[in-house]
Amino acid sequence: MYLFGASGHAKVIMDILQSMAMPVTGLFDDNPAIKELNGASVLGKYMGQELDAELIISIGDNGIRARVANKLQVQFGRAIAKSATVSNTSEIEEGTVVMQGAIIQASTLVGKHAIINTRASVDHDCRVGDFAHISPGAVLCGNVQVGEGTHIGAGAIVIPNLTIGKWCKIGAGSVVTKDIPDFSTAVGNPARIIKCNQNE
Ligand SMILES: CC(=O)SCCNC(=O)CCNC(=O)[C@H](O)C(C)(C)COP(=O)(O)OP(=O)(O)OC[C@H]1O[C@@H](n2cnc3c(N)ncnc32)[C@H](O)[C@@H]1OP(=O)(O)O
């Protein structure tokens, strides 16, 4: 597996890949000063060369990850931690990572290049959009829809049957009790919309 982005997020993905006995061939990063990350070689900027293994974009920022994904013509892999629990009836699309201790329950779909972070819980019949990030310890109750590029902050809770639009930000520790429209930032318990991010 190759990684794109020599970041802290990459370090966690490397641990997961190691536990899957899947060697990291190398990382690409635009910063020429970074030569090594936790023992893996940083190969410099990706110049479009053909790769002999799949690649995961190891960039935590949802917008940057989306821009990179839309430019790359490579085969994308997945990393699913051994300690994660993923229902046989759920689906996880290419480029997505599922961190240690996360739980994905029945009939859930997680889109492309998403992050289901450490100990996040995504319950039955959820839809998590492409490029979304469910942060450490966040809880999506049953039948929650999370739009493309949306970031659910650490420890946030979304009650059942809600829809959170695309490119939203839900504050760490918030409790979402109502649908949230596209491009909103919402914080608190109950979560209130404080910003519209459409022009970011
Ligand atoms: C492994 C990892 O680390 S994964 C990374 C996980 N990361 C996270 O969980 C971070 C989630 N991000 C947040 O919670 C951020 O605070 C955001 C996205 C909600 C808001 O960030 P910004 O848009 O920069 O907003 P800003 O910091 O200016 O705050 C705006 C207001 O909301 C309040 N606020 C911000 N975050 C929260 C929150 N989580 N809960 C309650 N209030 C909050 C601020 O206190 C501020 O209030 P004020 O105007 O009365 O002073």
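The dialogue below treats aromatic contacts and strand pairing in this predicted model.

Student: How are the planes of Y2 and F28 arranged in their pair?
Tutor: A search of the whole structure finds 2 aromatic pairs. In the pair of Y2 and F28, the ring centres are 5.5 Å apart and the planes stand at 25°. Planes under 30 degrees apart count as stacked, so the pair of Y2 and F28 is stacked.

Student: How many residues apart are Y2 and F28?
Tutor: Y2 belongs to strand β1 (residues 2-4), and F28 belongs to strand β2 (residues 26-28).

Student: Which type of pair do F28 and Y46 form?
Tutor: Their ring centres lie 5.0 Å apart, with the planes at 65°. The cut-off for this class is over 60 degrees, so the pair of F28 and Y46 is edge-to-face.

Student: Is Y46 buried or exposed?
Tutor: Y46 lies in the loop between β4 (40-41) and β5 (55-57). Its relative accessibility is 13%. Because buried means under 20% relative accessible area, Y46 counts as buried.

Student: Which strands are the edge strands of the open sheet of 6 strands?
Tutor: The sheet has the order β7-β10-β13-β16-β19-β22, with parallel pairing. An edge strand here pairs on one side only. The edge strands are β7 (85-86) and β22 (175-176).

Student: Which residue in β19 is the bridge partner of L140?
Tutor: Strand β16 (residues 139-140) and strand β19 (residues 157-158) run parallel and are joined by 2 bridges. In β19, the partner of L140 is V158.

Technical notes. Residues numbered from 1 in each chain as written. Predicted model: local features only at pLDDT ≥ 70, side-chain atom pairs only at ≥ 80, totals over all residues. Heavy atoms only, no water. Phe/Tyr/Trp six-rings, centres within 6.5 Å; stacked < 30°, edge-to-face > 60°. Helix = DSSP H or I, 4+ residues; strand = E, 2+ residues; numbered from the N terminus. Buried < 20%, exposed > 50% of the residue type's maximum accessible area, 1.4 Å probe, protein only. Pairing = 2+ DSSP bridges.
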